[in-house]
Amino acid sequence: MKIGRQALPLLFKDRASCGFLALLTGVALVVPILNVAVPESSPLHLSSYVVGLIGKYLCYAILATAVDLIWGFCGILSLCHAAFFALGGYAIGMYLMRQIGTRGVYGHPVLPDFMVFLNWDALPWFWYGFDRFWFALAMVALVPAALAFVFGWLAFRSRVTGVYFSIMSQALSYALLLAFFRNDMGFGGNNGFTDFKDLLGFDLQSDGTRSALLVVTAATLAASYGACRMIVGSRAGRVIRSIRDAESRTRFLGYSVESYKLWLFVFSAVMAGVAGALYVPQVGIINPSEFEPIKSIEVVIWVAVGGRGTLFGAAAGAILVNYLKTYLTAAFPELWLYALGAIFIGVTIFLPRGLAGLWRSPSQVE
Amino acid sequence: MTPLLPRTRGAQATQTSWREMREAAARRKPSVLLGKVLHLDKLTVSFDQFKALDRLTLYVDPGELLCIIGPNGAGKTTMMDVITGRTRPDEGSAWFGKTVNLLALTEAEIAQAGIGRKFQKPTVFEFLSVFENLELALADNKSIWHTMVARLTPIQRERIDEVLQIISLGAKRTARAGALSHGQKQWLEIGMLLMQEPALLLVDEPVAGMTPQETERTGELLLSLAGKHSLIVVEHDMDFVRSIAKRVTVLCEGRVLAEGDMDSVQNDPRVIEVYLGA
């Protein structure tokens with residue numbers, strides 16, 4: 001393995017990466033044990049609710065890492081990554097809907113409840129294949145990839161950059177939101193998908209399945225973190241940062257800036273899609289609100305809070321801000337949006353490098 | 001003029017008569033002069049009513065160092081933009097060697113074909129080390145699939161070390177480019193051009209903002225490159241131009257106003273009127 005040999009030492013030379021991966025391994029080992037093996041009476045017991053929350057945060061961390069890769073390292077402020085996340089979620093959601101089978105309210109063997117309710121008599125063509133797990137899994141990656149490819153190809157080829165790209169990506173997200181809200185799209189309209197029963201035959205409500213999903217999510221986060229580190233540590237990574245800082249210089253050195261941007265954007269979209277696919281079975285619902293432009297903006301705030309261009313900072317930012325959200329929306333529901341705004345403004349003014357900048361000297365920051 | 005032999009086909013040319021070669025060249029493209037590295041013919045670029053280039057015709061011989069001077073707005077930068085594919089002309093043709101039509105290529109393709117450009121403002125990648133800056137400029141496969149797994153070969157490392165010597169930055173190889181002085185950044189950028197192994201180098205105001213010592217060193221550097229590469233140097237500093245140039249072209253209002261050695265150009269009354277006298 002030529003690639004592995006050169007990339008792994010690089011990963012382990014980096015102390016922040018080591019710490020991050022060690023912490024992640026710890027969470028993946030300890031949380032399931034505290035949930036499944038420790039009796040409920042013990043003060044060390046973690047409830048399934050907390051396990052679900054941690055799993056959700058880890059999905060957000062993958063999404064934030066994807067956004068950091070494209071924004072922090074390549075300077076492309078994408079405001080449609082939550083849409084890629086939702087598309088991945090919808091793809092796995094379609095599989096989970098087909099798995100319900102006759103256990104639905106209407107007990108139809110093929111059609112999900114909402115289709116029966118809408119008096120549809122056959123499955124739309126684009127639902128074919130989603131009864132197979134491998135097919136759904138492929139779509140989790142392919143659908144965001146295809147959309148990112150087409151959108152990115154058009155935008156980058158026309159040299160749409162900066163704020164114009166951000167606005168267009170937000171418009172894309174909003175268009176998807178409107179489309180998925182429509183009942184006749186065949187994706188459950190504003191209710192989306194819910195009432196999932198099982199995944200690959202495992203009951204989604206059981207503690208074991210939830211813990212397993214958490215472990216898979218942690219492993220996926222570790223793998224995507226490693227992949228991103230490999231990319232940014234390679235010569236291609238240096239080209240990508242050069243594009244961020246001096247785009248036309250890079251172009252005059254003979255690099256096809258457009259194709260670098262395009263492939264990075266596609267890869268990052270796939271990461272977001274995978275994160276969404278892990279998210280949906282753990283939270284048990286997917287609906288069009290995930291396409292809301294504000295969701296993509298929130299991701300950008302997580303990354304800014306954690307520290308852009310660091311990858312682990314983005315992941316940490318996602319977890320931290322979402323923990324605050326969980327806490328504040330329960331304790332002081334009306335305060336949350338103000339708090340989010342205040343955090344963003346505070347970080348922008350006082351910590352332009354994010355929390356990761358606190359313990360990294362300026363010379364170390366890329 | 002230097003021998004009219006095509007640079008890459010020396011062996012073959014000895015067996016071919018001059019007449020045949022000339023005829024072959026004429027069949028390829030009649031307007032292209034044999035043996036020129038760069039040939040611009042009647043280039044016109046208009047921005048609204050303003051003609052940045054007005055039927056500009058210009059050529060560069062192999063290994064030549066051509067200096068271009070001219071007042072602000074004479075079209076110097078626009079000309080470089082056309083050569084490097086950043087601006088498309090309304091009319092005219094631009095040929096690199098005998099076979100490369102510059103107007104049909106993108107910026108990246110032109111760079112890969114062998115034209116390097118140094119910008120007026122030094123643009124190096126500040127967050128990368130001097131060594132990494134040169135690494136990125138290396139003439140190599142530049143597709144993302146290659147750079148993702150690429151490692152430097154010993155030959156490529158040697159080449160980088162060699163260029164580090166040429167631009168006198170050997171001691172700074174691990175320093176961040178952003179920490180270099182202004183003059184050192186200019187040299188690094190010239191070094192990055194050399195890494196591309198270009199046949200033609202476009203150098204825009206290389207000594208602007210340099211100390212006299214740095215200016216002198218830069219002049220030596222450019223002179224040492226001529227011969228192996230062809231160079232077009234755009235510069236305002238007359239003393240500097242005098243010290244390096246054999247042939248000087250004066251641009252004014254998008255056209256060639258005068259051409260020749262520095263003395264004849266400087267004594268040309270039209271040039272004195274538009275430029276030197278001002």
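**View 1. Helices H13 and H14 of chain A, packed side by side.** In this predicted model, helix H13 (residues 312-331) of chain A packs against helix H14 (residues 336-350) of chain A at an angle of about 150 degrees, and their axes are 10 Å apart. Anything over 145 degrees counts as roughly antiparallel, so that's the label H13(A) and H14(A) get. The crossing of H13(A) past H14(A) is right-handed. On the H13(A) side, the contact is made by A:Val321, A:Leu324, A:Lys325, A:Leu328 and A:Thr329; H14(A) brings A:Trp336, A:Ala339 and A:Ile343. Sort the H13(A)-H14(A) contact by class and you get 6 nonpolar, 1 polar and 1 charged residues.

**View 2. A:Pro109, out in a loop of chain A.** Look for A:Pro109 in the loop between helix H4 (81-100) and helix H5 (113-117) of chain A. Is A:Pro109 buried or exposed? With 7 other C-beta atoms within 10 Å, A:Pro109 is exposed, because the cut-off for that class is 12 or fewer. Setting aside neighbours within four places in sequence, A:Pro109 is in contact with A:Gly101 and A:Thr102. A:Gln99 sits 10 residues away from A:Pro109 along the chain, and the C-alpha atoms of the two are 9.8 Å apart.

**View 3. Strands E1, E4 and E5 of chain B.** Strand E1 (residues 38-47) and strand E4 (residues 91-96) of chain B run antiparallel, joined by 5 bridges. Here B:His39 stands opposite B:Trp95 of E4(B). E4(B) also runs antiparallel to strand E5 (residues 100-101) of chain B, with 2 bridges between them. B:Phe96 has B:Val100 in E5(B) as its bridge partner.

**View 4. Where chain B touches chain A.** Each chain puts residues into this contact: 24 from chain B and 24 from chain A. On the chain B side, the elements giving two or more residues are helix H4 (107-113), helix H5 (130-137) and helix H6 (144-149) of chain B. By class, that side of chain B has 12 nonpolar, 5 polar and 7 charged residues.

**View 5. Chain B as a whole, for orientation.** Chain B has 12 helices and 10 strands. Of its 278 residues, 42% count as buried. Take the contacts in chain B between residues at least 6 apart in sequence, and 66% of them join residues at least 24 apart.

How values were computed
Residues are numbered from 1 along each chain as its sequence is written. Chains are lettered from A and ligands numbered from 1 in the order in which they are written. This is a predicted model: local features need pLDDT of at least 70, side-chain atom pairs count only at pLDDT 80 or more; totals for chains, interfaces and linings use all residues. Helices (H or I, at least four residues) and strands (E, at least two) are DSSP runs, numbered from the N terminus. A residue is buried if 20 or more other C-beta atoms lie within 10 Å of its own, exposed if 12 or fewer, and partly exposed in between; C-beta atoms are placed from the backbone. Two residues are in contact if their C-beta atoms, placed from the backbone, lie within 7 Å. Ala, Val, Leu, Ile, Met, Phe, Trp, Tyr, Cys and Pro count as nonpolar, Asp, Glu, Lys and Arg as charged, and the others, Gly among them, as polar. Two strands pair if DSSP finds at least two bridges between them. Axes are lines fitted to C-alpha atoms, for helices over the stretch in contact, and angles run from 0 to 180 degrees between N-to-C directions. Angles under 35 degrees count as roughly parallel, over 145 as roughly antiparallel, 65 to 115 as roughly perpendicular and the rest as oblique. A crossing is left-handed if the near helix is turned anticlockwise from the far one by less than a right angle, and right-handed if clockwise.
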